[in-house]
Each structure stands twice: as structure tokens, then as C-alpha cells.
Amino acid sequence: MPRDYLDTLESEAIYILRETAAQFERPALLFSGGKDSITLVHLALKAFRPGRLPFPLVHIDTGHNFPEALAFRDRLAVALGEQLIVRYVEDTIQSKNLQDGTGKFASRNALQTHTLLDTVSEFAFDACIGGARRDEEKARAKERIFSVRDEFGQWNPKLQRPELWQLYNGRIHKGENVRVFPISNWTELDVWRYLEREQIALPSIYFAHERDVIEYESQLIAVSPFIRLDPSDQITRRRVRYRTVGDMTCTAAVASEAATIADIIGEIACTRISERGETRIDDRVSEAAMEDRKKNGYF
Amino acid sequence: MDLLRFITAGSVDDGKSTLIGRLLYDSKSIWEDQLEAIERQSKRRDNGVPDLALLTDGLRAEREQGITIDVAYRYFNTVRRKFIIADAPGHIQYTRNMVTGASNADLIVILIDARHGVAEQTRRHSIIASLLKLPHVIVAVNKMDLVGYAQDVFDGIVTAYSGLARELQLPPVTYLPISALQGDNIVKRSAHMSWYEGPSLLELLEEVSLAGISEALPARFPVQYVIRPQTETLHDYRGYAGQISSGTFSVGDHVTILPSGATTRIARIESGAQQLQTACAPQSVVLHVEGEFDISRGDLIVPSGALPTLQQELSSLICWMDVKPLLKGNRYLLQYNTFRTPVVIKALEYRLDVNSLDRETTPDRIELNEVVRARIKTAMPLAFDRYTGNHAHGAAILIDESSNATVGALMLETEAV
Ligand SMILES: Nc1nc2c(ncn2[C@@H]2O[C@H](COP(=O)(O)OP(=O)(O)O)[C@@H](O)[C@H]2O)c(=O)[nH]1
């Protein structure tokens, strides 16, 4: 009997999570409140229950997050009885005297990397589990499942190891750490189908709701204290949902009537635009934008 | 819907990138914004289709140098299957890349340029496919448009390749004529080659049977992680978590724990919060056994009636992946499933030329991208299966303890072949 492909993907992800717990001394799961990291938490429960998770959930809060996602994060951590560590980009800006993002959609993406690296050294994390997928962007297609980073969080092609069969080599030198991507082989649609099959709860902003938005280069951006409104901006109230959940300043909403995950899957099947292309404002700057951020220690 | 992992192999310019681009494009796996990006870059177009090779183009450094240096993974699906393509580009590091990409593949598509026929590179790719024992081989004769879609060109290549396939003892090979550029026999059957009556490449990929290969093998369960909540309510809970490498386990099975040799029975099988009666590869599960044993990561649980080999000296084919050469007497760390042990290289038996299959006995060193058969001694006894009989449970890697790099891919053997 051929097994359903979601079972195969699930089994592989659980295997990777257990390898991480076994091979590293201080792993952490980077939790953003978005659907990919919610999927990771669900997989981690399957991997380690009835035991406790062998790692804390860590969130780097940019200060520009959606309140719904933050509330969801806090409720989830309490419901699971697991440790949640939150570190704030705002604090890094203050303590290190950094220049905050500027412009209409001031982004804290670059600053987020500082806070992440500080958090990694504060807790001496040797592995950070993340929900990145190889289908997200061309530069990710060659990313490893165990991706070795130097002390500066940088991805150096020379540190990367061939990954053969299911044998992951997590040995590192002092100061290095590993980013682990258990759902590398999943596509966006795979994640949605899994969320549906497993009936996993998501923050409300993933479903259609009313919101004040402005239209900018044919993308819908939520009105929030974090973006600069110009006199030419027209605020309209629209029915929208989010396809990814990042910062309010750089995540665009899509017009939608979807009330359930099945509706969302239906809508995605009809769109012809990628998740990043449709929802990320900052990626459109250049073809190589993602690649540069990755080199600099961004996830 | 199930999952098929395959790898594409071909010499430079045989049309590998175009083929992958075509599969993604015709299966509508490319989003419009990605298409627009490559349209902007495309200098040329055929049939109104942008240069599909650009879709699978990788990191910027490589783009600038015009070469590709690693394995990339691509995804697409049809209503019947999800597909993962390992795209292992050519050039200098080819053997290493191809072995890496092939290690997780169920199938290989070997591309041959219709104008050039079976080339030296074709031989090499086929030899690697035979070493890794890939269960399914498809030979796609590409650029048929450049030879007037002529049947005799295709037939000639089929005859030539059949000889090679016999020599290498490949599994039954499926042949098909294609034009990746024009889309002939990729998704839809070609109108230009009515003499070919077989399925298109995508139809073939959808129909290949994946059933039963690993479930039928002896059951193997490498213990990955021990779950011991040690709370009041779960005081006695002790579950052995791991992924079944091959075969099937059922509650009540008589099992042996290696290397200790202790015997017991399977008391329970759990997956998530569910209790299962049986579980098979590649499921990740938690096993419970009757009685109290000291079982930890690296131990192996197997049916008492089908034990693997337990020895300290073994032979292995090794594909060498490091710039530092492999020498007799070198020490490494062997990673075999969840088990690690120091090893020493006792002898380099022969170097296997991956272009000709020629053997050079007792070489004094093995360089990057070379394949050797070596004798190794492990610090602790290893409970293993031969790779030829059981892929999932016969493969290992070598780690250089000073650099931590993964330096060798091992296909384990018990005695000389
Ligand atoms: N006429 C023709 N040209 C092809 C075909 N497939 C690929 N090509 C061309 O062959 C060249 C090399 O193709 P590419 O996909 O980059 O090869 P790769 O090096 O194997 O990835 C390009 O100019 C392609 O357009 C085909 O079926 N017919």
C-alpha cells in the first residue's frame, strides 16, 4: 500500500527533530507564530510526547508583529506548558544604539539578525530549528537540512556538508551552530494540507477578516502605527487574509473570503503568484535579496 | 497521493535544466512572479516559452561564474504524486554531487543527447546508479528535434545502452525519446513521434511502482531517542523513539536488542498519541518492549529470527568526498544510522574507476570524487546489513573528527564481491 505523502513528510520531519534533540546539547525552536512554526511545534509534540519538548520555543519579537500572532503564541506556550523565551529587537536597538529602519515600510528584518545572534549566544544555543522550506525561494533550493553557521550566523558554502541518505552530521566546532530545517521538503501547499488534516489551530489573521488597508504597488498593506501614511494613500476597508505572517510593515494581505483551511487551499490552487511574491514587500527589491540576507545570518 | 524522489543525470548541455524547467512549467508548479523574473532575464525564447533553464539556476556566485556546484532540490506535484527532484549538476565535483543526490532517490532519469549517443559521461552516471542500486532507471533521449525525430537514431541509442545496462546489471530500463525544449513526450505525448507508443515522461514518473520495496525486507529499528517523562503519572514510561529503516514490526514480535543480544517482545507501538498494532518503514514511531533493559541511542532492535551481521571488521565501497586524500591507517568517526564509532582504515583494496569499472588494486591514496573498496575496523562491533541487500540499512558516512566534515559515503559489505 503506498503511503500518503503527508505521512512520509511527517515521519521525516519527526526523525529530523529527534536527531536534533539527540545530537545537540542546547537546541531551540524558533517560533514566530506563523503557520510554518506552528506546524513545527505540532511535529515536535508528535516526536516527544508524552515527554516534554527537549528545547524551548524562542521568539525574536521585532515590535512590528501582528497582535493576533503574539496572543496566539502566548496562549499556545501556556496550553502546552512549554518554555517560551522572547527577546525584543527594540531592546537591541536601545542597548546597541542601532539605527531603526526608516521609510514608508520601515523594516526591522536586518535588525532582527542582531537580536537573534545575541539570543543564540546568551543561551549558548548550538542548534536553532526553523520552519524554512526549500520551495520558498530559488536561493533556498540548495539549503541543507542541517545548515552549519559560523559565529556570525553566516552561511558559508565551505562549512556545508553533503547530506547522504538520512545521515545528518551535526558535529560542530565551538562557536558554530546549526540551523535545522525539518520541513525543507514541504511546499506551501503541503503545509496547508497538513494543517487541515491534523486540524491544527492558527491565528485568526490567516482567515478572511475586515481590515483597513492601503494599496501600494498593487499589494494590500494593513494600516498600523508602524507604517508611514502619505496624503496620497487611500485607506479602504477590505476583506483580507494573510498567507504568511511576518512583520506588519513588510507582509501584504490578500483579498479573500476564506473562512476555513479548505477554502484557503482552494484559493491558493487558483492563484498563480508565489507566497513570497504575493506577500513579502521586502523581497522585491532585488533578485538576490534573499540570498544576501541568508549570508548575513537571517534565517 | 504518494511521494517519489528522483534524480536527473546528464552531461553538461544535454538539457537537464531545460527538462526540469519544463516539468515544473508544464505541471504549473511555477508561479507567475517567478516566471516574470526569468522572462526579464531571458535573452532567447522558443515557442514563446522563456529560457526554462533559468528557473533551476542557483546561488548568485554560481550565476556569476556560470557554473553550478551543489545539489539543489525542486518540487512539483500532480494529482497522483508529489515529486522531489534532486538536481545534481555536472562539472568537477560530479561524482560527489551525484552520489549525494542519488542516495535518497527512488529513480534516476539519465539524459542522452540524441546527436551524441551514449557518451563517456553516460557510462559514468550509469555506473554510479548501479553502485547506489537505484531501483528504477529511465533513459531519456533528448533533443530529438535536432535529429528530425528519427526513430532509427533512438533505436540505435537503445541498442547501445542495453549493452551497458546488461554489463552493469541495472534493473530493467525504460527508454523514451523526448525534446525538453519543445515539450515532446514530457507531459503530453508527442505528435512528432507517432512511432513511439509508450507513455510520456510524466506519465512514467506517475506510474512507477514504489510499493513493497522496503517493507518486505527484515525489520530494522535503530533507537534514536529515549522518551522518559519521569513524571508521577508516567513514572514507568520508557519509550524508544526512532524511524523504522526497513521492514515491519508488530506488537508481540520477538525481538533482539543489539549489540547486547538481549531478547524480549514488543509490548506497544505508538505514533503521536495513537496506538498501532503494526508499523512499517519509513514510519517514525515509539516502541515499548516487555521487561526492563538498558537500551539507548545507537542500539538496534531487530526480529530475533532475522539478525544482521555483527562484526568489527568489514569491507565497504567508499565514495570519497573530501579534498584531503584517504590514506590507509587514517582514523575517522563512522556514523551508521544513530550509531557512531571510531574507525580505522585497515586497507585500500582497490580503486574503482567510475568511467570504466576498471579496478586498480591496492592504491596508496584516494582523492576527492574517487571510489574505493576498503577494509575498515570499528572500535565497537557494528550490527549492519549489506547495502546491496538493504539500502536503508546498509549505508553510512565517515566524519573527519578534526574538521567535522562529512568525508565519505559508505555502502557496507561483508565479504569481497
Ligand atoms: N533543440 C533542442 N535544444 C535543447 C533541448 N534541450 C535543451 N536544449 C538546449 O541545449 C542547451 C543546454 O541545455 P541546458 O538545459 O542548459 O543543459 P544542462 O547543462 O544539461 O542543464 C540549451 O541551449 C538548451 O536550450 C532540446 O530538446 N532540443
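This note comments on the predicted model shown above, point by point.

1. Basis of the note. Because this is a predicted model, local features need pLDDT of at least 70 and side-chain atom pairs count only at pLDDT 80 or more, whereas totals for chains, interfaces and linings use all residues. Residues are numbered from 1 along each chain as its sequence is written, chains are lettered from A and ligands numbered from 1 in the order in which they are written, and side-chain values use heavy atoms, with hydrogens and water left out.

2. Fold of chain A. The secondary structure of chain A consists of nine helices and ten strands; these are DSSP runs numbered from the N terminus, helices being H or I with at least four residues and strands E with at least two. Among contacts in chain A with a separation of 6 or more, 73% join residues 24 or more positions apart, a contact being heavy atoms within 4.5 Å.

3. Surface of chain A. Chain A exposes about 11,400 Å², of which carbon and sulfur atoms supply 52%. Accessible areas come from the Shrake-Rupley method with a 1.4 Å probe; for residues, only the protein chains shown count as cover.

4. Ligand shell. The ligand is surrounded by 16 residues, the closest being B:Asp13, B:Lys16, B:Ser17, B:Thr18 and B:Asp145; a residue qualifies if one of its heavy atoms lies within 4 Å. Helix α1 (residues 16-26) of chain B gives the most to this shell, with three residues.

5. Ligand atoms. An oxygen atom of the ligand lies 2.7 Å from a backbone N or O atom of B:Asp13. A nitrogen atom of the ligand is 2.8 Å from an N or O atom in the side chain of B:Asp145. Taken alone, the ligand exposes 580 Å², and the protein buries 81% of that.

6. Aromatic pairs. Over all chains, 16 aromatic pairs are found; rings of Phe, Tyr and Trp (its six-membered ring) pair if their centres lie within 6.5 Å, with planes under 30 degrees apart counted as stacked, over 60 as edge-to-face and the rest as tilted. The ring centres of A:Phe48 and A:Phe55 are 5.7 Å apart with planes at 90°, so this pair is edge-to-face. Both A:Phe48 and A:Phe55 are buried.

7. Aromatic cluster. A:Tyr15, A:Phe24, A:Phe146 and A:Tyr168 form one aromatic cluster.

Key:
A polar contact is a pair of N or O atoms within 3.5 Å; within protein, one must be able to donate a hydrogen and the other to accept it, and residues adjacent in sequence count only if both atoms are side-chain atoms. Buried means under 20% relative accessible area, exposed over 50%, partly exposed in between (1.4 Å probe, protein chains only).
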